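Hi everyone, thanks for coming. Please have a look at the sequence and the structure, and then we'll walk through a few spots together.

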Amino acid sequence: MASNPHVLIINGPNLNMLGTRQPEVYGKVTLDDIESRCQETANELGVAIDFRQTNHEGEMIDWIQQSKGKFAGLIINAGAFSHTSVALLDALLACELPVIEVHLSNIYRREVFRQHSYVSQVASGVICGLGAIGYELALGAMSHRFHNPEK
Ligand code: DQA
């Protein structure tokens, strides 16, 4: 039997602070809670996940470069780097993986500087504003894509 497709889930700067960071914007759920929920969803979907967080742009880019050919898809909440990093966009273009972008908050209801994302330029889809469930929805969408490659 073929092994389960592997999905890399990358979280960017300050997302390790979830739970205590601006709970009025991001909710009270911690990143560990999100990882556990993603693991449960992945098990149900028959997908394997590698869930990571970094505060460092270069480390994020290294991970994306290394994901080429090793993962079947990438789910990314790049945090503030979404709005600032052309280097992140270039790495995502180079890795040639299907990308789904996630944000906990609705970036389009926030400050103008959050309303542009470099990640969106390469993402097949964007889920934002739905809180932690956005990650599980992204996994569902990724799994659907694996089973329906034409759609
Ligand atoms: C975020 C939105 C970004 O603007 C912000 O810098 C974050 C979190 C979100 O998940 O809503 O760090 O990506």
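First, a word on naming: helices (H or I, at least four residues) and strands (E, at least two) are DSSP runs, numbered from the N terminus. Residues are numbered from 1 along each chain as its sequence is written. This is a predicted model, where local features need pLDDT of at least 70, side-chain atom pairs count only at pLDDT 80 or more, and totals for chains, interfaces and linings use all residues, while side-chain values use heavy atoms, with hydrogens and water left out.

Let's start with helix α6, residues 133–147, where you'll find Leu137.

Now move to the segment after α6, the place of Pro149. Pro149 is exposed because its relative accessible area is 59%. The C-alpha atoms of Pro149 and Asp50 are separated by 22 Å, and these residues are 99 apart along the chain.

Next, Gln22 sits in the loop between β1 (6–11) and α1 (23–26). With 36% relative accessibility, Gln22 counts as partly exposed. From its C-alpha atom to that of Gly69, 47 residues apart along the chain, the separation is 37 Å.

Finally, the ligand. Which residues come nearest? Of the 13 residues around the ligand, they are Asn77, His83, His103, Leu104 and Ser105; here, a residue is near a molecule or strand if one of its heavy atoms lies within 4 Å of it.

How values were computed. Buried means under 20% relative accessible area, exposed over 50%, partly exposed in between (1.4 Å probe, protein chains only).
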